[in-house]
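Subject: Structure handover

Hello,

Here is the structure we talked about, for you to take over. My notes on it follow below the coordinates.

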Amino acid sequence: MTGTFISLEGVDGSGKSTQAVMLAEALRDRGHDVVHVREPGGTPLGEAVREVVLGPDPMSPWAEAFLFAAARAQLVADIIDPALAEGRWVVADRFIDSSLAYQGAARGLGIHQVAAVNAPGIGGRLPDLTIVLDIAPGAATDRRAGRGSVDRIEDEGDALQESVARGYREVAREYPDRVHLIPAAGTLDEVHARVMATVIGNL
Ligand code: Z5A
């Protein structure tokens with residue numbers, strides 16, 4: 001028995017963490033056994049990597065890409081693969097497409113090069129469905145306003161977020177069967193309805 005793997009993606013402030021929680025709850029209401037994870041994190045190693053990679057110390061784009069890939073490899077080995085093997089559903093708040101959009105596209109390392117670096121660690125594991133919450137970076141900035149802490153990557157400002165938003169569109173064009181862009185504008189319930197329609201229509 002193999003479970004189902006869904007990832008939620010988007011720029012910081014797109015609302016994907018909120019929608020990941022709502023999706024996991026909706027799937028549980030339908031009787032599914034759901035594991036909810038976030039990246040980077042979800043394992044002791046992943047949380048330690050999170051501290052380093054989002055901390056204040058500057059790092060090269062490739063160092064950043066390898067750190068995210070290391071955290072992801074551990075999450076797949078410890079949590080995602082075992083859950084799917086038990087027939088559970090996995091809802092991930094970010095997965096490989098974050099690396100493709102942020103490091104591959106926005107940092108200029110190349111989507112295919114970053115995918116290749118990640119490939120051994122995830123052992124071919126990809127989401128069955130990836131939903132990207134597409135939002136104008138200005139609107140995402142408004143949603144983030146008033147939130148306390150800012151991490152090193154978020155601190156780089158709107159220019160990076162705009163490159164990331166373009167990167168996600170490029171990723172969606174590159175993997176059209178798996179990656180679906182949906183508008184993130186509207187109320188929480190309106191966006192949730194789009195997420196559910198995408199899940200029901202594609203799985
Ligand atoms: N990163 C990377 O570069 N490469 C990788 O491979 C990976 C990650 C895995 C992780 O930061 C950082 O690491 C991130 C990408 C990079 N950096 N940046 N920039 P994180 O995990 O700390 O945070 P995040 O994932 O970027 O975002 P977040 O804080 O979880 O925000 P969000 O998921 O985009 O949005 P939210 O928390 O659901 O909502 C934000 C606010 O908007 C909140 O107050 C909500 O109540 C509100 N909201 C949400 N939806 C709506 C609607 N529909 N209307 C109005 N208000 C809303």
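Ile182 is buried, with a relative accessible area of 6%, where under 20% counts as buried. Bear in mind for this and everything below that the model is predicted. Ile182 belongs to strand β5, which covers residues 179-183. Leaving aside residues up to four places away in sequence, Ile182 touches Ile131, Val132, Leu133 and Asp134, and also Val191, Arg194, Val195 and Thr198. With Asp134, the separation is 48 residues in sequence but 5.7 Å in space, taken from C-alpha to C-alpha.

The sheet

Strand β5 is part of an open sheet of five strands, in the order β2-β3-β1-β4-β5 and with parallel pairing. The edges of the sheet are β2 (34-38) and β5; each has a single partner strand, so one side of each has no neighbour in the sheet. On average, and with direction ignored, neighbouring strands of this sheet are turned by 20° against each other. Within the sheet, β1 (residues 4-10) and β3 (residues 89-93) pair in the parallel sense over five bridges. Thr4 stands opposite Trp89 in β3.

Helix α7 and its contact with α6

On the α6 side the contact involves Pro137, Thr141 and Arg144, which meet Asp158, Gln161, Glu162 and Ala165 in α7. The residues of this contact divide into two nonpolar, two polar and three charged.

Helices α1 and α8

How far apart are the axes of α1 and α8, and at what angle do these helices pack? The axes of α1 (residues 16-29) and α8 (residues 188-202) are 10 Å apart, and the packing angle is about 60°. That makes α1 oblique to α8. The crossing of α1 and α8 is right-handed. From α1, the residues Thr18, Gln19, Met22, Leu23 and Ala26 take part; they meet Leu188, Asp189, Val191, His192, Val195, Met196 and Val199 in α8. By class, the contact of α1 with α8 has eight nonpolar, three polar and one charged residues. Val191 and Val195 of this contact are also among the residues that Ile182 touches.

Helix α4

Is helix α4 enclosed or open? Nine of the eleven residues of α4 (residues 96-106) are buried, so the helix is largely enclosed by the rest of the structure. The buried residues are Ile96, Asp97, Ser98, Ser99, Leu100, Ala101, Tyr102, Gln103 and Gly104. Their cover includes strands β1, β4 and β5, together with the helices α3 (61-85), α5 (111-122) and α7. Just after α4, Gly108 takes a positive phi of about 80°.

Regards

Notes:
Residues numbered from 1 in each chain as written. Predicted model: local features only at pLDDT ≥ 70, side-chain atom pairs only at ≥ 80, totals over all residues. Heavy atoms only, no water. Helix = DSSP H or I, 4+ residues; strand = E, 2+ residues; numbered from the N terminus. Buried < 20%, exposed > 50% of the residue type's maximum accessible area, 1.4 Å probe, protein only. Contact = heavy atoms within 4.5 Å. Pairing = 2+ DSSP bridges. Axes fitted to C-alpha atoms, helices over the stretch in contact; angles between N-to-C directions. Nonpolar A, V, L, I, M, F, W, Y, C, P; charged D, E, K, R; others polar. Parallel < 35°, antiparallel > 145°, perpendicular 65-115°, else oblique. Left-handed = near helix turned anticlockwise from the far one by under 90°.
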